[in-house]
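Dear colleague,

I am passing on the structure we spoke about, with some notes on what came out of going through it. Please have it open beside this message as you read.

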Amino acid sequence: MASSTIASSVRHRTNKGLLARLRGGDEISYLVTLICAVAIFVVVTLIVLELWKNSQPAIKAFGWSFLTTTRWDPNGGKFGALPFVYGTCVTSAIALLIAVPLGVASAVFLAEMAPPKLSNLLTFLIELLAAVPSVIYGLLGIFVLLPLIRSYLVPALKGGFGYLPLFQGSFYGVSFLSAGLVLSVMIVPFIVSVSREVLLAVPTEQREAALALGATKWETTWDIVLPYASTGIFGSVFLALARALGETMAVTMVIGNTPKITASLLSPGYSIAAVIANEFAEASGDLYVSSLILAGLVLFGLTIVINALARILILTTARRAATA
Amino acid sequence: MTMEISPVRKVVNSAMLSLSGICTLLVIGVLFFILGYLFVHGLRSLNLDFFTKLPKPSGETGGGMANAIVGSGKILMVATSIGVPIGFLAGIFLAEYSGKTFAFVIRYIVDLLNGVPSIVIGIVAYALVVRPMRHFSALAGGVALGIMMIPIAVRTTEEFLRSVSNSMREGAMALGATKAQTIFTVVVPAAMSGLISGMMLNLARVAGETAPLLFTALGNMFWSKGWLQPIATLPVMIYNYAIAPEEDLHQQAWAAGFVLLMLVLVVNITARTIIARGPASARR
């Protein structure tokens with residue numbers, strides 16, 4: 001950056017008295033902005049510390065059994081979070097299963113086929129989907145999606161795959177499946193917009209070489225462009241996964257809030273974020289609150305690891321594209 | 001010699017390419033479905049009372065969400081006054097002062113903070129503000145949303161300052177301005193339209209946040225005085241009304257959802273258009 005050479009030249013020139021330097025504002029503005037940058041570091045540390053400190057009673061009482069036992073009984077003072085972890089994982093898995101093919105295919109269309117102007121417009125619209133507040137997804141989930149699933153999707157699934165344990169039992173509307181579906185709509189924009197960027201960063205020479213060898217447009221995309229961009233696309237998927245794991249309101253509104261582990265996707269369940277949202281404000285007793293905070297710590301750990309991975313993957317492809 | 005492409009490959013080619021187009025249409029279709037549905041349902045339930053009256057006690061019909069609209073405004077004011085200054089100044093540091101390694105570390109931490117689930121931020125605001133003060137409050141809700149605003153504020157500021165051409169910095173310094181004067185009287189004003197648009201986007205994003213407010217701002221059926229009482233907000237009202245059994249409350253939830261979505265979308269479209277056209281992006 002040229003600005004660093006400028007900065008050093010300025011430092012030479014302002015070798016005057018303290019008062020003159022303060023009047024120029026250089027030291028003050030450097031210090032103030034540095035403090036703010038460090039403040040962000042402090043905020044993140046504070047988040048970790050507060051979660052850790054406040055979940056100590058639950059950690060001491062349950063240890064790892066918090067994650068491996070299934071009984072969540074506020075009155076009896078027993079807290080096992082396995083059903084919530086299960087719900088979070090199952091709903092996120094359903095969401096990815098739907099959103100990844102849909103999102104990557106859309107990104108392929110936007111990056112490889114659509115003319116730039118159309119592509120920009122459509123991407124703009126898809127990114128608006130990401131701006132819709134999650135409580136509105138929940139609202140539509142309850143009143144629009146649940147009836148639709150009940151009258152069309154579930155009969156179809158039961159008709160086609162009713163013998164699978166996944167689709168057995170009665171269906172009340174609220175369920176793992178509903179939550180997964182709502183989540184999939186919510187994370188598609190992230191997959192589309194990041195994957196499209198990654199695909200656009202693939203050097204044109206790669207495409208030209210494949211086409212010149214006689215590959216069709218689709219073969220070029222599938223055999224050359226997608227493998228080249230795969231690391232970045234995985235990055236976008238992890239990013240979306242982190243979103244799905246931490247998503248609260250929409251899931252809370254359609255998952256049914258019943259701490260049970262069942263193989264059937266049609267039965268109601270619970271998720272980590274949902275139990276915090278539902279029970280935190282009314283939780284009484286230190287152990288209860290601290291167990292909910294520990295659930296928060298688990299969720300925080302999960303999303304941080306997956307986010308960190310996503311960033312590394314996306315950075316790697318960006319670097320490789322830059323050096324290519 | 002002419003190369004013949006086998007018919008199978010041709011069919012696969014056009015089938016897969018059209019499939020990708022269909023997927024895109026499907027995703028866009030969802031957006032228009034959401035807009036259309038909220039427009040029809042929301043507009044039907046919307047009336048003047050919604051903006052001017054307090055919620056009615058349960059069992060009675062009618063009433064509005066005046067307190068929640070003002071409440072959302074108040075909480076967003078607190079959030080902005082926390083998140084924007086910290087993010088803006090840290091962004092200046094990253095763009096203008098920082099060395100490479102330090103900037104990389106801060107940027108990575110900012111990305112991680114951006115990925116922290118909003119409900120977890122709510123827990124932290126509870127532990128930092130609600131528990132010591134022994135009170136759910138507008139302040140606590142504002143702190144939660146303020147923390148959430150920091151990452152986008154940093155990234156927006158850094159991005160738009162970097163997009164200001166270096167010749168402007170050199171010009172200012174050649175005229176004898178100090179580095180600080182250069183930043184605050186030349187670089188920042190040059191990036192102003194982008195910065196303001198970015199901050200508006202940031203505000204629109206947290207305006208719809210519900211999860212971190214559930215146990216920080218809580219909610220209130222009446223007006224909330226000052227900053228230290230539980231306070232109603234639009235997103236939390238939508239949630240509470242949507243899961244309530246009464247049909248009348250569902251109608252109000254639709255109305256509130258419509259108002260919230262319109263606000264968020266208008267801000268998004270305006271800000272993004274300004275960013276796309278703005279002089280700051282001309283160099284990119």
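The radius of gyration used below is taken over C-alpha atoms, and the globule rule set against it is 2.2 Å times the number of residues to the power 0.38. Please keep in mind throughout that this is a predicted model.

By that rule a compact globule of 324 residues would have a radius of gyration near 20 Å, whereas chain A comes out at 25 Å. Taken along the principal axes, the box filled by the C-alpha atoms of chain A is roughly 75 × 65 × 35 Å, and 48% of the 324 residues in the chain count as buried. Chain A is made up of 14 helices and two strands, and, among its contacts with a separation of 6 or more, 77% are between residues 24 or more positions apart.

As for the two chains together, 75 residues of chain A are in contact with 77 residues of chain B. On the side of chain A that touches chain B, helix α3 (residues 26-54) of chain A gives the most, with 17 residues. Sorted by class, that side of chain A has 54 nonpolar residues, 17 polar ones and four charged ones.

With best wishes

Terms used: Residues are numbered from 1 along each chain as its sequence is written. Chains are lettered from A and ligands numbered from 1 in the order in which they are written. This is a predicted model: local features need pLDDT of at least 70, side-chain atom pairs count only at pLDDT 80 or more; totals for chains, interfaces and linings use all residues. Two residues are in contact if their C-beta atoms, placed from the backbone, lie within 7 Å. Helices (H or I, at least four residues) and strands (E, at least two) are DSSP runs, numbered from the N terminus. Ala, Val, Leu, Ile, Met, Phe, Trp, Tyr, Cys and Pro count as nonpolar, Asp, Glu, Lys and Arg as charged, and the others, Gly among them, as polar. A residue is buried if 20 or more other C-beta atoms lie within 10 Å of its own, exposed if 12 or fewer, and partly exposed in between; C-beta atoms are placed from the backbone.
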